[in-house]
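Colleague: Could you walk me through this one slowly? I am still learning how to read such things.
Modeller: Gladly, just ask as you go.
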Amino acid sequence: MSRDDDRWELVRRYVEGVATANETRTLEAAVRDDAAFRLEFLRYLNVDAALGGGVASGRFETTESSIIASRQDEHCTVDAATSAHPVLVGRGVIQRRSRAFATVAAMLVLCVIGFVALWLRRDSAIDSPELGVALLSSAVDLEWAEETETRSIGAVLESGSLRLKSGAALVEFYSGSRVVVEGPAEFQLVSANEGYLHSGRIRAHVPPLARGFTVRTAQFDVVDRGTEFGVAVDRDAGTATSEVHVFNGLVEVQRDSVTREVKTGVALRCDRNELSELACDQTAFLREEELQERAAIAEQTRFAEWDAARRRLSADPTTVLHEPLTTRTIEQGSVVGCDWTAGRWPQKSALLFRRSADRVRFEVEDSLQQVTLLSWVKVDAVAPGMTVLMAVEHERVGSLNWLITQRGQLRLEVGRDLGHRQLDWEAINSESIVTRERFGEWLLLATTFDGLRIRHFLNGQPCGSGASFRPPSLQIGIAELGNGPAPAMKHLFGAIDEFAIVGRAMTEAELRDYFEKGRP
Amino acid sequence: MEPAELEQHDRFLRLFLLHEDALRAFVRSLVPTREDAREVMQEVAAVLWRKFETLSSPDDFRRWAFGVARLETLEYRRARARDRHVFGDDVIKLLAAAADESQSVFEAERLALEECLKKLAEPQRVLVETAYAPGVRMDELAEKSGRTAMSLYKALHRIRIALMDCTRRVLEREVAT
C-alpha cells in the first residue's frame, strides 16, 4: 500500500483536527469501503496512541540526560502536575507508580525544547510551495465573467485564466512585469513571466529584470526585450486576429519559427495568417497610470459611500459600540500593543494584530436581548485552535465569545449553565469561510443572535446558522478584540478595520447593504 | 484516605494500568484527534473509578472497561457531532469491530514500538519526545524550533508511518524466528 497516496494526507489532516467536512467524508468512505486501508488506519492510530502514552509515562524517554543537564532554558515553565494520564480528583489522588518518573520526564522534555531547536533545525523545513504567479494589485469597474471566478484586489493569483466581462485590472507578475488587462478579455497566467491572451487586450510594462516576458496568442508569441508593448486579440467572426503594438523599446514576434523584431512606434497585425505592419496606436491600450487614476477616483467614491453608511450605523440608537477607525484612535476602549496600518482604503486606518500581546480592551455594560457582532477583518493566517475576534473577560451565563475555528469557521459561543462545575458554552459554527484563498482579503464578518437563532454572514451572505438556547440576557462586559483570556484562544493574526456591536439582530438585507457600501 | 479505601484504590490502579494502553488505543481509534482521546480517557477513568465497587471480579475488568470506553466515546461524539467533522455511526462500528479483532496484534505492535523508536534518527526521536510530551503546544514548538507548525505536523506524520512499517517488520521477524 503506497503511503504517498492522497488518503494518507487526509489521515494526517484528520488526526490534526483540520480536515474539512469534504475531506472527512472522503476519508470516511475509504475507511468504510477498503478493509485493508481500515486496518492500516487503525495501526496508524495505534502508533499515535502508544506514543502519547509512552512518552508521558517516560517509557520512551531515550534522550541522554547529560545533554539535558548541560543546558537550561530559562523560559521553561513546567506544571509538575501535568500528565497525559488521567488524574482522578475527589476522594484522594491516585498514586502512580510511574508518576514521579513521568513528571521528571515531562520536565526534562519540556526544558529541552530550547535545546531541541538545534536538532530540529537540521531537518529541512518542508512548507507547502507558493503556488502564486502574480498579484491582482488594482482594478477599475471590474466585472468578472463568472461570479465564482471573482478575485479581490490584493489577491494572489495562481496560474490559470482570468476572465473579465468588463473593466480593467492591473496584474503584477512575480517576475516584475506589470500588465493592464482590459475586459472583455480572457488572459491566462501561465507562469511568473508568461501569459497567453485568448481574447481582449493587454498593455505590458516589463522592467529590465523581467526581460523575456512572453505573451502568446494563437497567432504568434511576443517576447519582450524591453520595455512596453500592447497585445490585442479579436475573436469576432470565428477567426482570431492578433495585434502587437510596441510603445517603447523592442519585442520579438515569433511565428512558425520565424522571428521578427518590432520596434518603438510599430505595430504588427496577423489577420487570417497574413502579417502586416501598422502604425502603433497608444490610445487603444489603457495605460497603467490611467488605470491607477481611475482607481483612485473610484476608491474615493467608495470611501465616501462607506463613510456615509458608517455614520448611519453609528447614529442607529440600537448600536452599542462602533469603532470605524477613520483616524488612528479607538473611541471606546484602549489599544494594547497593536500597530496601526492602512485600512480598506488609504484614507483610513486599521489595527494590526501580530503578537500575543496585541489586543483592544473595551467595555459594554448593557445587557442585551439580541445582538449583531460585525467587523471588517483581514485574516493573514489561522492558527491551530481558536482565533479570537472578541472574547469576554468574565464568563457568565449569556456571555459571548466570537471566534474563528482552525477550519476557518465563524463561531459564536454563548455561556450557559448546565449544572456542571464550569460554565458550558453553546456554540454555533458557520461553514468554512476563512480559508487560505481568503487570507489577506478584507472580509465583512457578521454574526447575529435574535435570542432563538445564531446566524453567520460572510460579506453579507449567510454562511451557516443554528438554533441556540435563550439566555436571560446577553452579556459582554469587559472584553477584548483580537485576543482572549483562555489558553485555548489564540490571538488574531491579521487586521481589524472596523468593529461594531449592535443591540439587535440585523437582517441579511441590511448586512448585504453594509457590505456593498463598504467593500474595498 | 482510609486504609480500606487505599486498598481499593490500589486494586483499581493495578487493573487500570494493566489495561490502560489497550483502552487508550481503542478510544484513539474512534475519535479524530489525540486531544479528543485524552478527554474521553479522563471521563472513562472517572467512570471506572466511580463504579469500581460494582465490579464483581477482576477478570471482568477488561471487558467492562472497554464497554465504558465505547459508551463514553459515543457520548463524546454525540456532543460534538454538530461542530466537528466526525465519521458516521456505521463506520465507527466497523472501526470498533476491526479494533476488537486485532487487539493482540496492536498490543504486540505497541510493544515493538520501543525498539522501533530507538531506530529513529536522533532529530526524529527528539521531535517525537517533545511533540508527544504532555502540555506541549505545537505552535510554541514551531516558534522555538524556527519551523512552521505545518512542517512539524508533516514530519510527525512521516515518523508515524515509518514506525508503523518498522513494527510490522519486527513482528514478521518474530514470527519467522
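Modeller: What follows is a short talk about a helix, a cavity, the backbone and some charged pairs.

Colleague: What should I know before we start?
Modeller: This is a predicted model, in which local features need pLDDT of at least 70 and side-chain atom pairs count only at pLDDT 80 or more, while totals for chains, interfaces and linings use all residues. Residues are numbered from 1 along each chain as its sequence is written, chains are lettered from A and ligands numbered from 1 in the order in which they are written, and side-chain values use heavy atoms, with hydrogens and water left out.

Colleague: Ok, which residues of helix 8 of chain A are buried?
Modeller: In helix 8 (residues 508–518) of chain A, the buried residues are L511(A), Y514(A), F515(A) and G518(A). Buried means under 20% relative accessible area, exposed over 50%, and partly exposed in between, with a 1.4 Å probe and protein chains only. Helices (H or I, at least four residues) and strands (E, at least two) are DSSP runs, numbered from the N terminus.

Colleague: And where do they sit around the helix axis?
Modeller: Seen down the axis of helix 8 of chain A, the buried residues fall within an arc of 100°, so they line one face of the helix; the arc is that of the directions from the helix axis to the C-beta atoms. The elements that cover them include helix 7 (288–315) and strand 12 (319–323) of chain A.

Colleague: Changing topic, how many cavities of 30 Å³ or more are there?
Modeller: The count is seven cavities of 30 Å³ or more, and the largest cavity holds about 110 Å³ of space. On a 1 Å grid over the protein atoms alone, a cavity is a set of points where a 1.4 Å probe fits but cannot get out, and lining residues have an atom within 4 Å of a point. Grid points are joined across faces, edges and corners, and a volume is the space filled by probe spheres set on the points.

Colleague: What lines the largest cavity?
Modeller: Its lining includes L42(A) and N46(A) as well as F26(B), D100(B) and R110(B). Helix 3 (35–57) of chain A and helix 1 (3–28), helix 4 (89–101) and helix 5 (103–119) of chain B each supply at least two residues of that lining.

Colleague: Where are the cis peptide bonds?
Modeller: One cis peptide bond joins G183(A) and P184(A), with omega about 0°, and P184(A) is in strand 4 (residues 178–191) of chain A. A cis peptide bond also joins G226(A) and T227(A), where omega is about 10°, and T227(A) lies in strand 7 (residues 221–234) of chain A.

Colleague: Is D141(A), with its positive phi, buried or exposed?
Modeller: D141(A), which is not a glycine, has a positive phi of about 50°, and D141(A) counts as exposed at 56% relative accessibility.

Colleague: Last topic: how many salt bridges does the structure hold?
Modeller: There are 61 salt bridges over all chains, a salt bridge being a side-chain nitrogen of Lys or Arg within 4 Å of a carboxyl oxygen of Asp or Glu.

Colleague: Which one lies in helix 7 of chain A?
Modeller: One of them is the pair D307(A) and R310(A), whose side chains meet at 2.8 Å, N to O. These two residues lie in helix 7 of chain A, three residues apart, about one turn of the helix. D307(A) is buried at 15% relative accessible area, and R310(A) is buried at 11%.

Terms used. Contact means heavy atoms within 4.5 Å. On a 1 Å grid over the protein atoms alone, a cavity is a set of points where a 1.4 Å probe fits but cannot get out, and a pocket is an open set with protein on both sides within 12 Å along at least five of seven lines; lining residues have an atom within 4 Å of a point.
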